[in-house]
Amino acid sequence: MTKYTSLLFVGLFCLSFLATSPTAKAGNPDRQGEAGAYELIMNPWARSAGLNGLVAARVTGVEALRFNPAGICRISGKTEVALGHTQYMAGTGISLNAAGLVQKIGDNGALGVELMSVGFGDIPLTTVDQPGGITTFSPSFFNIGLSYGYVFKDEEGNEKVSVGFGVRVVSESIANASATGVGFDAGVQYVTGVDRQIKFGVALRNIGTKMSYSGDGLAFVGVAPNNTTALTVNSRGAGYELPSLLHIGLSYDFYLGSKINRLTAVGNFTSNSFSRDQYGVGVEYAFKEMFMARTAFRYEGDMYNAETSSTASGGLTAGVTAELPLRKGSAKKIAFDYAYEYTQVFKGTHSLTLKLKL
């Protein structure tokens, strides 16, 4: 097992080097706007949103489907189910809705599925002749992902290294045009220390096919070469890539009072292929793993420069969690998560998540 895990770390290190090297143009602001399907990097889950997504090293269960599939097999029970709702930059009318399920398979494996949709509300449909609008329409943006994770145990049965792989289908459509693509995720998590307090994670996300729009919305009526017959001519939509990125994260748990109190420090680096790189730190406090509070800050170059900034995020997030047993002494739990992200425009992003751990 040591040989294979060592090879895995070497492979991920090489991928990390390639993704962050100058030749890969990672984090190059000149490439901003060249990718699409940015809903793939929007987060509908409140617990990880409270730490601003700086969770590659320690994310587990359903939320790991979004950030690092290696964490899906690190759930405490056999099953985890979650529902999430986010009001994205309140005032824009944009919302995120998500549902996820993770199921343990045997002692070491787990399979997870996640569905997320983006709601835009009703948008007026206008024409040149009727700029005031004649009706409304609502785009349909959704993606569904399937991931598998496996944890390797040492001779003493401790879970040290976990790996995960995922595939995600993304669909974007309006009434008369649509685009579909497929992306792949891969990740690894490593846990060590006497109290399993040191965690390290690496994840590659959204490595996949190009997308391009097609449909009647890109067609127009033209004239045949004989100048007498009308023909429908289809225009070819330009292709665009998925917003691929690399997460590298680290976390450390400080235990106080016989593990009644936990204080966790996290750090995360994200190398974006089509936007600026991001650096972040955060902290989470937990009392008996039942009540938690967290906050984080993530920085992106020129984020406070009104002329050159490419993000609406203010960088600061906070969140709280209540995770309680379904009945006294039961290992089955129900959890409520809330998170708030400060944004430089509109009224911030609010996230709510309900989880069942069975």
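Which residue's side chain meets that of arginine 276 in a salt bridge? The partner is aspartate 302, at 3.4 Å from N to O; point 4 returns to this pair.

1. Basis of the note. The model is predicted, so local features need pLDDT of at least 70 and side-chain atom pairs count only at pLDDT 80 or more, whereas totals for chains, interfaces and linings use all residues. Residues are numbered from 1 along each chain as its sequence is written, and side-chain values use heavy atoms, with hydrogens and water left out.

2. Nonpolar cores. A nonpolar core is a set of buried Ala, Val, Leu, Ile, Met, Phe, Trp, Tyr and Cys residues joined through side-chain atoms within 4.5 Å; buried means under 20% relative accessible area, exposed over 50%, and partly exposed in between (1.4 Å probe, protein chains only). The largest core has 25 residues, of which Val62, Ile72, Val102 and Val118 touch the most other members. Helix H3 (64–67) and strands E2 (94–105), E3 (109–119) and E6 (140–153) each supply at least two residues of this core; helices (H or I, at least four residues) and strands (E, at least two) are DSSP runs, numbered from the N terminus. Strand E2 gives the largest share, four residues. A second, separate core has seven residues, including Ala37 and Met211.

3. In one of them, glutamate 114 pairs with arginine 66, the closest N and O atoms being 3.0 Å apart. Because glutamate 114 lies in strand E3 and arginine 66 in helix H3, the pair ties together parts that are 48 residues apart in sequence. Glutamate 114 is buried, with a relative accessible area of 1%, and arginine 66 counts as buried at 2%.

4. The opening pair. Arginine 276 lies in the loop between E13 and strand E14 (278–287), and aspartate 302 in the loop between strands E15 (291–300) and E16 (313–325), 26 residues apart. Arginine 276 is buried at 14% relative accessible area, whereas aspartate 302 is partly exposed at 34%. Elsewhere, salt bridges that share partners join Arg47, Glu323, Lys333, Asp337 and Lys357 into one network.

5. Threonine 270. This residue is found in strand E13 (residues 261–272) and counts as buried at 5% relative accessibility. Leaving aside neighbours within four places in sequence, threonine 270 is in contact (heavy atoms within 4.5 Å) with Leu245, Leu246, His247, Asp277 and Gln278.

How values were computed: A salt bridge is a side-chain nitrogen of Lys or Arg within 4 Å of a carboxyl oxygen of Asp or Glu.
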